[in-house]
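Please view the sequence and the structure before reading on.

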Amino acid sequence: PNELTKKKDWDDHWQSVFKPKKLTQQDFPTIITSLFKRYLPYNPHFHCLEVGCVPGSKLIAFHKIFGYRIYGIDYSDKIDMVKKNMSVNKIKDYRVKKADILKFKPKIKFDVVFSFGLIEHFVDPTPYVAKMAELVKKGGYFIIEVPNFRNFQYLIHLISDRSLFEIHNLEYMDVEKIERLVSKVSSIKTLYAGYFGIIQDFPYKKVFPYNVLHTLSHSFNIIANKLSLDILLSNKWTSPETVYIGRKI
């Protein structure tokens, strides 16, 4: 099978971790508030689609930061979590759909199409990247974000949670591989192909030394984010996120 994860895996994950909350600027991922702000315009007329949208937090960030009209698609049975999140954040103008992206046939194309942590869950993500790129209108933006479990990050996860390697395709955590795939399936010009962040927060556990390592790495990242070092010092060796941003020509 092409999928490295099952729908039940996602349903169980979101059931265990999700709690709807009113999101503020401090809650939004720094990759959106710093890196994406360099490339995406503010435009309340833009239509924005997230593929793999549960629980909706990223869509809320795109709406509040860039003013976009937001759409989401996910095959998870927990799609109602997105609706609860929108309600808590007092967002009424949105659309979500429970469906397989490969069978998705919307009436419009989108100014921004993005996914977070999606394509690395497939042995071959080509059909998914091609479908997402197809949904971007001419002049629109295409964003792919995946974690980076390679190099130093590999060592962190080898120590803390090596089971993650079984459900992630590390080959597509190489941004050059993603860039080549996008160029193969669509006429999209690269705006940014690189990494983000300096090092991830060490996964928290209540026992020593994990609790100390988590506290130290988390404090370091707070300082680095405030000084904008998360972009300046991004690199393939230690950064926790792999990022592609392109524009359809």
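The sections below describe the sheet, the helices and some individual residues.

## Basis of the report

The model is predicted: local features need pLDDT of at least 70, side-chain atom pairs count only at pLDDT 80 or more, and totals for chains, interfaces and linings use all residues. Residues are numbered from 1 along each chain as its sequence is written, and side-chain values use heavy atoms, with hydrogens and water left out.

Helices (H or I, at least four residues) and strands (E, at least two) are DSSP runs, numbered from the N terminus.

## The sheet

An open sheet is formed by 7 strands in the order β3-β2-β1-β4-β5-β7-β6, with mixed pairing. Two strands are taken to pair if DSSP finds at least two bridges between them. The edges are held by β3 (94-98) and β6, each with a single partner strand, so one side of each has no neighbour in the sheet. On average, neighbouring strands of this sheet are turned by 15 degrees against each other, direction ignored.

Several pairings can be followed across the sheet. Strands β1 and β2 run parallel and are joined by 5 bridges, and Glu50 stands opposite Gly72 in β2. Strands β1 and β4 are also parallel, with 3 bridges; here the bridge partner of Glu50 in β4 is Phe114. The parallel strands β4 and β5 share 6 bridges, and Phe110 has Val136 in β5 as its bridge partner. By contrast, β5 (residues 136-147) and β7 (residues 241-248) pair in the antiparallel sense over 7 bridges, with Pro147 opposite Glu241 in β7.

## Burial in the strands

Burial is judged by relative accessible area: buried means under 20%, exposed over 50%, and partly exposed in between (1.4 Å probe, protein chains only). In β1, 5 of the 5 residues are buried, so this strand is largely enclosed by the rest of the structure. In β4, 7 of its 7 residues are buried.

In a regular strand the side chains alternate between the two faces of the sheet. In β1, His47, Leu49 and Val51 point one way, Cys48 and Glu50 point the other way, and all are buried.

## Helix α3 on the sheet

Helix α3 (residues 57-66) packs on the sheet and touches β1 (47-51), β2 (69-74), β4 (110-116) and β5. Contact means heavy atoms within 4.5 Å. The direction of α3 makes about 140 degrees with that of β4; such angles run from 0 to 180 degrees between N-to-C directions, and axes are lines fitted to C-alpha atoms, for helices over the stretch in contact.

Leu59, Ile60, Ala61, Phe62, Ile65 and Phe66 are the buried residues of α3. These buried residues pack against α2 (30-35), β1, β2, α4 (80-88), β4 and β5. After α3 comes Gly67, whose phi is positive, near 80 degrees.

## The pair α5 and α7

Helix α5 (residues 126-134) and helix α7 (residues 175-185) pack at an angle of about 60 degrees, with their axes 9 Å apart. The two helices are therefore oblique to each other. Angles under 35 degrees count as roughly parallel, over 145 as roughly antiparallel, 65 to 115 as roughly perpendicular and the rest as oblique.

In this contact, Thr126, Val129 and Ala130 of α5 meet Leu181, Val182, Lys184 and Val185 of α7. By class, the contact has 5 nonpolar, 1 polar and 1 charged residues. Ala, Val, Leu, Ile, Met, Phe, Trp, Tyr, Cys and Pro count as nonpolar, Asp, Glu, Lys and Arg as charged, and the others, Gly among them, as polar.

## Individual residues

Val175 lies in α7 and is buried, with a relative accessible area of 5%. Beyond residues up to four places away in sequence, Val175 touches Ala193, Gly194, Tyr195, Thr242 and Val243. Gly197, in the loop between β6 (188-196) and α8 (210-226), is buried at 7%. Leaving aside neighbours within four places in sequence, the contacts of Gly197 include Asp230, Leu233 and Ser234.

A cis peptide bond joins Val54 and Pro55, with omega about 10 degrees; Pro55 is in the loop between β1 and α3. The peptide bond from Phe208 to Pro209 is also cis, with omega near 5 degrees. Lys90 has a positive phi of about 55 degrees although it is not a glycine, and Lys90 is exposed, with a relative accessible area of 68%.
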